[in-house]
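Please open the structure in a viewer and keep the selection tool at hand. The stops below say what to select at each step and what is found there.

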Amino acid sequence: MRASKVMVADVTFVADLSGALFWQEQRLLVVSDLHLEKGSSFAARGVLLPPYDTVATLGRLAAVIARHDPRMVIALGDSFHDRDAHERLSAPDRDALSAMQARRDWIWISGNHDPALPSDLGGVVASEVAIGPIAFRHEPTGAAGEIAGHLHPKARVATRGRSMERRCFASDGERAVMPAFGAYTGGLSIRDVAFAKIFGAPGFMAHVLGDNRVHRIAASRCY
């Protein structure tokens with residue numbers, strides 16, 4: 001299936017194959033860690049990457065917005081790879097972003113990579129947002145009802161005699177950590193101690209983003 005249901009504090013979300021979460025009742029779409037302009041940031045330090053990450057990430061974001069037609073979009077921090085990344089956005093990329101923001105509310109959550117977002121990006125900037133029983137923030141604290149990003153969870157599983165490593169959502173029904181949405185973002189294994197601090201023992205689930213479907217796998221089966 002192209003999506004999987006994720007429960008957080010008795011609220012049902014749809015975990016989209018793109019790496020976004022959708023709250024149907026609120027018509028709310030959540031994405032995390034876009035890391036726009038990561039390629040240009042690396043290029044400035046002499047590490048040459050193809051400069052297409054922002055176009056690719058915004059294209060995927062536009063597609064998932066078209067699919068769900070949300071009333072509100074929340075970007076959970078590290079939307080830009082560094083403090084000056086927004087200044088490097090091309091005019092076409094700015095236009096693409098403005099088109100996605102049209103006729104809907106848009107909230108930028110500040111992250112550790114982009115702690116001081118400017119006011120000219122459209123939407124509003126916040127450190128965190130609470131809607132009903134759910135708190136949206138960048139860095140996870142392990143609190144009940146929390147949806148966060150920052151850690152870029154990924155899972156390695158064995159399938160058909162080979163291993164597969166993919167981005168994933170991590171959730172135990174009370175809290176969730178979202179995968180990074182950005183084209184150039186890496187990942188941290190869900191078996192890392194950072195996740196144990198949030199979830200305790202690996203008794204949580206990994207909603208793994210496969211080629212054509214979201215696979216729901218116990219974290220204890222991942223390695």
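Predicted model: local features only at pLDDT ≥ 70, side-chain atom pairs only at ≥ 80, totals over all residues.

Rings of Phe, Tyr and Trp (its six-membered ring) pair if their centres lie within 6.5 Å; planes under 30 degrees apart count as stacked, over 60 as edge-to-face and the rest as tilted. By this rule there are four aromatic pairs. Select Trp106 and Trp108, a tilted pair with 5.6 Å from centre to centre and 55° between the planes. Next, select Phe199 and Phe204, which form a stacked pair, 4.3 Å centre to centre with 20° between the planes. Phe199 is buried, at 12% relative accessible area, and Phe204 is buried as well, at 2%.

Two sentences on conventions are in place here. Residues are numbered from 1 along each chain as its sequence is written.

Select Arg60 together with Phe181. The charged end of Arg60 sits over the ring of Phe181, 4.2 Å from its centre; the rule asks for NZ of Lys or CZ of Arg within 6 Å of the ring centre and within 35 degrees of the ring normal.

Now turn to the nonpolar cores, each a set of buried Ala, Val, Leu, Ile, Met, Phe, Trp, Tyr and Cys residues joined through side-chain atoms within 4.5 Å. The largest has 26 residues, and those with the most contacts inside it are Phe13, Leu21, Ile74, Ile134, Phe136 and Ile147. Elements giving two or more residues to this core include β1 (3-8), β5 (72-75) and β9 (134-137). Which strand gives the most? That is β2, with three residues. Strands (E, at least two residues) and helices (H or I, at least four) are DSSP runs, numbered from the N terminus.

Move on to Cys168, in strand β12 (residues 162-171). Cys168 is buried, at 0% relative accessible area. Its contacts include Pro153, Val177, Ile190, His207 and Val208. Select Val14 too: its C-alpha atom is 13 Å from that of Cys168, although the two are 154 residues apart along the chain.

Finally, display the whole chain, with its four helices and 16 strands. The C-alpha trace spans about 45 × 40 × 30 Å along its principal axes. Buried residues make up 51% of the 223 residues. Among contacts between residues at least 6 apart in sequence, 67% join residues at least 24 apart.

How values were computed:
Heavy atoms only, no water. Buried < 20%, exposed > 50% of the residue type's maximum accessible area, 1.4 Å probe, protein only. Contact = heavy atoms within 4.5 Å. Lists of a residue's contacts leave out its neighbours within four places in sequence.
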